[in-house]
Amino acid sequence: MKQFVVIGLGRFGSSVARTLYKLGYDVLGIDSNEEIVQSLADSITHAVQADATDENTLKALGIRNFDVGIVSIGDDIQASILITLILKEMGLKYVVAKAQNDLHGKVLYKIGADRVVFPERDMGIRVAHNLVSSNILDY
Ligand code: ATP
């Protein structure tokens with residue numbers, strides 16, 4: 001069974017973490033904000049308060065043993081890049097990172113992210129496709 005670590009538990013990260021947990025997977029969530037960690041404590045396997053840019057902290061949490069990492073930090077681009085790099089260097093097979101803009105996305109791919117997501121843009125595309133492919137136009 002795959003194990004997931006979600007770093008950054010904002011709107012996107014917490015939604016990914018809760019959904020994976022509901023689907024029956026082990027999910028470790030990490031966020032630097034204690035309140036956010038508390039609010040998710042009962043909704044995922046483990047929620048930990050930590051600064052994920054600290055490599056030693058990630059080592060101590062045994063992050064290298066996880067299969068998939070999701071880096072969901074948008075505002076602090078430097079933190080997002082550092083954490084993505086650390087996860088890939090630790091040997092995680094699959095790392096998904098959230099990008100704020102095109103350049104951020106390019107950097108994430110260059111340092112080894114396996115998939116980069118742009119939540120608002122991706123959802124906008126999906127909704128547009130949905131609107132024209134469903135029979136909603138018959139109204
Ligand atoms: P969303 O749109 O998904 O709500 P966002 O991109 O607007 O997210 P951010 O402010 O970028 O939100 O951060 C998402 C979460 O990541 C926040 O809960 C924040 O506390 C956490 N975070 C930011 N930096 C770090 C860090 N270095 N280590 C751990 N968590 C962090």
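1. Ground rules. This is a predicted model, where local features need pLDDT of at least 70, side-chain atom pairs count only at pLDDT 80 or more, and totals for chains, interfaces and linings use all residues. Residues are numbered from 1 along each chain as its sequence is written, and side-chain values use heavy atoms, with hydrogens and water left out.

2. Length of α4. Helices here are DSSP runs of H or I with at least four residues, strands are E runs of at least two, and both are numbered from the N terminus. Helix α4 covers residues 77-89, and its end C-alpha atoms sit 18 Å apart, which agrees with the 18 Å that 13 residues should span at 1.5 Å a residue. That expected span is 1.5 Å times one less than the number of residues. After the helix comes Gly91, with a positive phi near 100°.

3. Ala79, Ser80, Ile83, Thr84, Ile86 and Leu87 are the buried ones in α4. They share one side of α4 because they cover an arc of only 165° around the axis, going by the directions from the axis to the C-beta atoms. An α-helix has 3.6 residues a turn, so residues three or four places apart point the same way. Gln78 and Glu89, both exposed, are on the face turned away from the buried side.

4. What covers it. Among the elements over the buried residues of α4 are β1 (3-7), α3 (55-60), β4 (68-71), β5 (94-98) and α5 (102-110), with contact meaning heavy atoms within 4.5 Å.

5. The loop between β4 and α4. Ser72 lies here and counts as buried because its relative accessibility is 6%. A polar atom of the Ser72 side chain is 3.1 Å from the backbone nitrogen of Gly13. Leaving out residues up to four places away in sequence, Ser72 touches Ile7, Gly8, Phe12, Gly13 and Lys98. Asp76 is in this loop too, but at 42% relative accessibility Asp76 is partly exposed.

6. Ligand site. The ligand is surrounded by 18 residues, the closest being Arg11, Phe12, Asp31, Gly74 and Lys98 (a heavy atom within 4 Å is the cut-off). Ligand nitrogen atoms are found 3.1 Å from a polar backbone atom of Ser32 and 3.0 Å from one of Ala52. A ligand oxygen is 2.8 Å from a polar backbone atom of Gly74. Taken alone, the ligand exposes 640 Å², and the protein buries 81% of that.

Technical notes:
Buried means under 20% relative accessible area, exposed over 50%, partly exposed in between (1.4 Å probe, protein chains only). A polar contact is a pair of N or O atoms within 3.5 Å; within protein, one must be able to donate a hydrogen and the other to accept it, and residues adjacent in sequence count only if both atoms are side-chain atoms. Accessible areas come from the Shrake-Rupley method with a 1.4 Å probe; for residues, only the protein chains shown count as cover.
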